[in-house]
Amino acid sequence: MYDNLAKLKLVRIGNPVSVGGLERLGEKAIKASNNVVKSYKIIQYDKSFFETEGIEARILTDALNEEIGGHILGVIEMDLFDSDGDSFYGCMFGAKNLKNNVAVVSTKRVFTQDSDMLSERVIKIALHELGHNLGLKHHYNYMGLENGLLCPMAKGNYNKYGERGYVLAIIDSRGYEFCEDCKKVLRVYNSISNQLSK
Ligand SMILES: [Zn+2]
Ligand SMILES: [Zn+2]
């Protein structure tokens, strides 16, 4: 399982962000994960059924697991849905399949013409979902990192923004590093994985 987490497959479905944006994501993922993720590879994955308006996150993550397998972060343009769970606006920014190591991010609801800002948002959501792949949980405290930004796993202070402004405000105020509490968990993972690979 830990060996599996070391190799991240960034699966680009369609044309959601530039390949350069995904390379930045890969670098940030290695750094933020405290080296639990050791390398990344970009895989282009195109399927005709992805040209629909939206897709159930569970179906997409299951398909990626079955057809590609391993530690996957998929990035997709279309909406992600979760029919059984709760989600903002009936859609999701990102999702993680609890049964495997596959997470996905959608650019649909965070789209902006500013391509740098778009890849920044994608990276921040991706770090959150990747955090779930690495065993991290949400925390609702508003405590930030030393540089004043939020940990990618922070859900922030909901009431400060109201429902509609909440998500984008939180995403934009997140940083690229996990907080000390989250890093403690990553260090434990890392030492287990190093022992196992000896
Ligand atoms: Zn989450
Ligand atoms: Zn944290």
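The following legends describe close-up views of a predicted model.

**View 1. The zinc site is formed by three histidines.** The zinc ion (ligand 1) is coordinated through the NE2 atoms of His128, His132 and His138, at 1.9 to 2.1 Å. Along the chain, these donors follow the spacing H-x3-H-x5-H. Histidine 128 belongs to helix H4, while histidine 138 lies in the loop between H4 and H5, so that the pair, 10 residues apart, links distant parts of the chain. Histidine 128 counts as buried, because its relative accessibility is 5%, under the 20% limit. Histidine 138, by contrast, is partly exposed, with a relative accessible area of 32%.

**View 2. The largest nonpolar core comprises 37 residues.** Those with the most contacts inside this core are Leu8, Leu25, Leu73, Leu127, Cys151, Phe178 and Cys182. Two or more residues are given by each of strands E1 (7-13), E4 (71-76) and E7 (102-106), and by each of helices H2 (19-32), H4 (115-133), H5 (158-172) and H6 (180-196). Helix H4 supplies the largest share, 7 residues. Another core, of 16 residues, lies apart from the largest one and includes Ile43, Ile55, Ala57 and Ile76.

**View 3. Surroundings of leucine 8.** Beyond its neighbours within four places in sequence, leucine 8 is in contact with Ala29, Val37, Ser39, Tyr40 and Lys41, as well as with His71, Ile72, Leu73 and Leu130. Both leucine 8 and its contact partner Leu73 are among the residues with the most contacts inside the largest core.

**View 4. Valine 11 in strand E1.** Valine 11 counts as buried, because its relative accessibility is 0%. When neighbours within four places in sequence are left aside, the contacts of valine 11 are Ile43, Tyr45, Leu64, Ile68, Ile72, Leu73, Gly74 and Val75. Valine 11 and isoleucine 76 are separated by 65 residues in sequence, and their C-alpha atoms are 8.6 Å apart in space. Isoleucine 76 is one of the residues of the 16-residue core.

**View 5. Two lysines over the ring of tyrosine 176.** Lysine 28 lies over the face of tyrosine 176, at 4.2 Å from the ring centre. The charged end of lysine 124 also sits over this ring, 5.5 Å from its centre. As for pairing between aromatic rings, a search of the whole structure finds 0 aromatic pairs.

How values were computed: Residues numbered from 1 in each chain as written. Chains lettered and ligands numbered in written order. Predicted model: local features only at pLDDT ≥ 70, side-chain atom pairs only at ≥ 80, totals over all residues. Heavy atoms only, no water. Core = buried A, V, L, I, M, F, W, Y, C linked by side-chain atoms within 4.5 Å. Buried < 20%, exposed > 50% of the residue type's maximum accessible area, 1.4 Å probe, protein only. Helix = DSSP H or I, 4+ residues; strand = E, 2+ residues; numbered from the N terminus. Contact = heavy atoms within 4.5 Å. Phe/Tyr/Trp six-rings, centres within 6.5 Å; stacked < 30°, edge-to-face > 60°. Lys NZ or Arg CZ within 6 Å of the ring centre and 35° of its normal. Donors = N, O, S within 2.8 Å, 3.2 Å for Na, K, Ca; no water.
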